[in-house]
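Work through the exercises below with the sequence and the structure at hand. Each task is followed by its solution.

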Amino acid sequence: MFLVALSFAYFAKALSGSYMKSTITQLERRFDIPSYLIGVIDGSFEMGNLLVIAFVSYFGARLHRPKIIAIGCVLMAVGTFIIALPHFLIGRYKFETSIRSSVNSTNNLSPCPARLLSPVALASGDVLPEVQSAGCVQTIAVIGPVFGYLLGSLCAKIYVDIGFVSMESITITPGDARWVGAWWLGYLIAGVITLLSAIPFWFLPRSLPIPAEQSLAQCSPEQASFIKDSPHLEHKYQADEPASFLEMAKDFIPTLKTLLGNPVYFIYLCVTIIQLNSLIGMVTYKPKYIEQHYGQSASKANFLMGTINIPAVALGIFFGGLLMKRLKLDIMGAAKFAIGTSLIGYFLSLFFFAMSCENAKVAGITIPYNRVNGVSGCNSQCVCSESDWDPVCGENGITYVSPCLAGCQASTGSGKNTVFFNCSCVATAGLSSGNLTASAGHCTQRQDCDRVFSYFLALSVITSFIISLGGTPGYMVLIRCIKPQLKSLALGFHTLTTRTLAGIPAPIYFGAIIDTTCLKWGLKKCGGKGACWLYNTTAYRHLSTTSNSHTPNSPLANTKELSKDTRNKIVDLHQPGKTVSAIGKQLGVKKSTVGAIIRKWKTYKTTDNLPQSGAPRKISPCGVKMITRTVSKNPRTTRRDLVNDLQRAGTKVTKATISNTLRRQRLKSCSARRVPLLKPVHVQARLRFAREY
C-alpha cells in the first residue's frame, strides 16, 4: 500500500513539474516576458525545496514519514493552485491584429492607415531510499511527465480565455506565434491530482509491521530499519524512540562531514551536477526549440515530447535496471556502464548540429527588404508601427511583419479567412503578375524541413534511450557507496545540491542565451521589451550569441563601437602597467583595438573621437575595408551591388562615391568597352564588298 501511495505521489509531482515546462511559450506570450525570466519562474519550483529538503531528509528518518509526505503533497497542491491564480485576477488576453473578427462588419479596413487618416490623427488616436523498488518508483516518476506533456498538449489547443470570449471572434490559430492556450486549466487539474495523492498517507502507520510468513532474518538492513523490534536496528534510529531535537541538530554537521568525506559519493555528486545542467536546460526548452526551429505548434511539440521522448527515457531507465540485474554488475561495473552510456549518448547528440532548417523568410528581418528604420519604398506612404507583430504571408512565399509593412491597400473577408490585396511590397519582391495578395498568418513552408524533423525525432529518441540506460546503475552506485544510516541524508543532500546548482541556474542561463538569438522583440503595453516573436533558428541551434540586426545577410553592416566607459576602462587598466594582451583578454576586446585606444590616449590625452577637418566621409573606415575585401574576393562586383549593400546597412551613397573610394584604395572601377561607331571610310568599304559579291 505504501509503495502504491508513494508511486502516485511521484506521479503527481512529476506531472506538475513537466506541465510547468510545457507551458513555457504560453506564459511568455501571455505575460510578455523573455525566456530568461521564464527560467527564473521554472527555477523557483526548486527554490522552495532548499529551505527544508536537507532537514526533512535528516529528521524525517526519525519522525512520522507518511504524514510528512502528506503535508508536502498538500503544500504542493496549494502552490499549484496559486500558479493558476493570475489568470482570474488579470483581464482578458488581447493581441494586435488588423483582421476583422466579424463577417457582418461592413467596414472594409485598409491595412495602410495613411491612405485614410493623416499621421496627426493617428497619433492622437525527490527519490526515497527504497533500493528494491527502484524499477517501480523511478519508472512511475518518469511516466508522470508523459501525462504532464499530454495535458500541456491538450490545454495548448484550447484558447486561453475559453468560456469568457466568443471563439468566432478569435482570428488566430494554434500555430500562430500570438496564440496562448489555456495554461491555467492544466495547473488546476495538476493541483487536484496532487491533493488526492496526499490522502492515503494520512492513514498509513508510522512503521511497517513484519509479515507473519517472513522472518526478520530474511530482511535486509534497509528493510529491517523500518520494521518494529528488528534485530538490525543498529543500522537505523528507532522510529518509536527518537532522540531529542537538540541532540539531532548537534549531530547534523558531523554527519554531513562524514558523508562528504566519502570520495565515491563526492565524485558522483559533481558528475551529476554537470550532467543535470545540460539535461535540464535541454528538456526545459526542447518544446520551444521544436516550435521555433521546425515550425510546429505548441500543442504538437508537447504531444511529441509526451508520446515519443519521455517514454524513451522511461524504457531506458527500466531496461538499465534489468540489464544490471541480468549482468549482475557490482559497483564498479555499474559505474562503468553509466559512464559508457553517457559518452555514447553525448556523442550522438553532436549530430543534432547537422539537422537544421533554414530561417523563416521574413521581409526586413531574415531577408533583405531594402528598408531603413522599418520602412521601404513599397510601404513608405503608410504609417506603420514597428512594434506590432501581425504577420501575413504574401503569395510570393515571404512573410511580412504586418499587412501595413507589406504595403497592402485593402482586405476582403473576415477572421482567419481574411485576404489582403494590392500589396505593393509583394510586387517589389519579384512577383510582377497576379493579384499581389497576402493571407493572414506567417508562411509555413520550408524546404526539406519536414524530412529533417523526422530525423531529429528519431535521433532524439535514440539518444534519450541510451543516456537513460545509465540512470538506474548510476543511482545504485549512489546507494551502495554509503552506509545504511546515512542514506536518507545522502539522498536528501544529493537532491539539494543538484537542484541548487543545476535545477535553478540551468533554465535561467539557457533562457538568457536563447534570448540573444531573438530577431524580433515584442513591446509591452506599458513600455519595455516583451516576448520574442521570431528567433534566428541557426543561432538558436548552436545556442550562441548573435547580433540582433535587422540586416543579418548584409556583409557591410556596421560593427559595434566600443562605449566610452570601455575605452576609459582600458586606459585605467593600462596605467598600472597591465599589458595590452592582458587587457584584451579581460575585457574581450581585440588586442589591436586596445593598442589603438592606448596610443590615442598617449597622444591626445583623451579617448573620445576627435573632429576631423573637412566634410565627414560618407563611408566609415570599416565600410571601406569591407568594400575592399568584397571587391578583392569578387572582382566582377558592380558599383550598383555595393550601393545596394551599403543602403541595406543604413548608408546611402552614389556610384560616384564608390568609384572615388575604390580609386583611393588603388582599385580601378572599370566599365565595359562599347563597340565604336564605323567611320565613313569603313562604311564605303563594306558597301563595295557587298556590291561585288
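Buried means under 20% relative accessible area, exposed over 50%, and partly exposed in between, with a 1.4 Å probe and protein chains only. The model is predicted, so local features need pLDDT of at least 70 and side-chain atom pairs pLDDT 80 or more, while totals for chains, interfaces and linings use all residues. Residues are numbered from 1 along each chain as its sequence is written, and side-chain values use heavy atoms, without hydrogens and water.

**Exercise 1.** Decide whether Tyr-289 is buried or exposed, and do likewise for Phe-456.

Solution. Tyr-289 has 12% relative accessibility, so Tyr-289 is buried. Phe-456 has 4%, so Phe-456 is buried.

**Exercise 2.** Classify the ring pairs Tyr-19 with Tyr-187 and Tyr-289 with Phe-456.

Solution. Step one is the rule: rings of Phe, Tyr and Trp (its six-membered ring) pair if their centres lie within 6.5 Å; planes under 30 degrees apart are stacked, over 60 edge-to-face, and the rest tilted. Step two takes Tyr-19 and Tyr-187: the centres are 4.9 Å apart and the planes 85° apart, an edge-to-face pair. Tyr-19 is buried because its relative accessibility is 1%, and Tyr-187 is buried because its value is 2%. Step three takes Tyr-289 and Phe-456: with 5.8 Å between centres and 45° between planes, the pair is tilted.

**Exercise 3.** Which parts of the chain does the pair of Tyr-289 and Phe-456 tie together?

Solution. Helices (H or I, at least four residues) and strands (E, at least two) are DSSP runs, numbered from the N terminus. Tyr-289 belongs to helix α12 (residues 263-294) and Phe-456 to helix α16 (residues 449-469), so the pair links parts 167 residues apart in sequence. Both rings also belong to one aromatic cluster with Tyr-294, Phe-352 and Phe-453.

**Exercise 4.** In what order do the five strands of the open sheet run?

Solution. Two strands pair if DSSP finds at least two bridges between them. The order is β4-β3-β7-β6-β5, with antiparallel pairing. The edge strands, β4 (399-400) and β5 (410-412), each pair on one side only. Inside the sheet, β3 (residues 392-394) and β7 (residues 438-440) are joined by three bridges in the antiparallel sense. Gly-394 has Ala-438 in β7 as its bridge partner.
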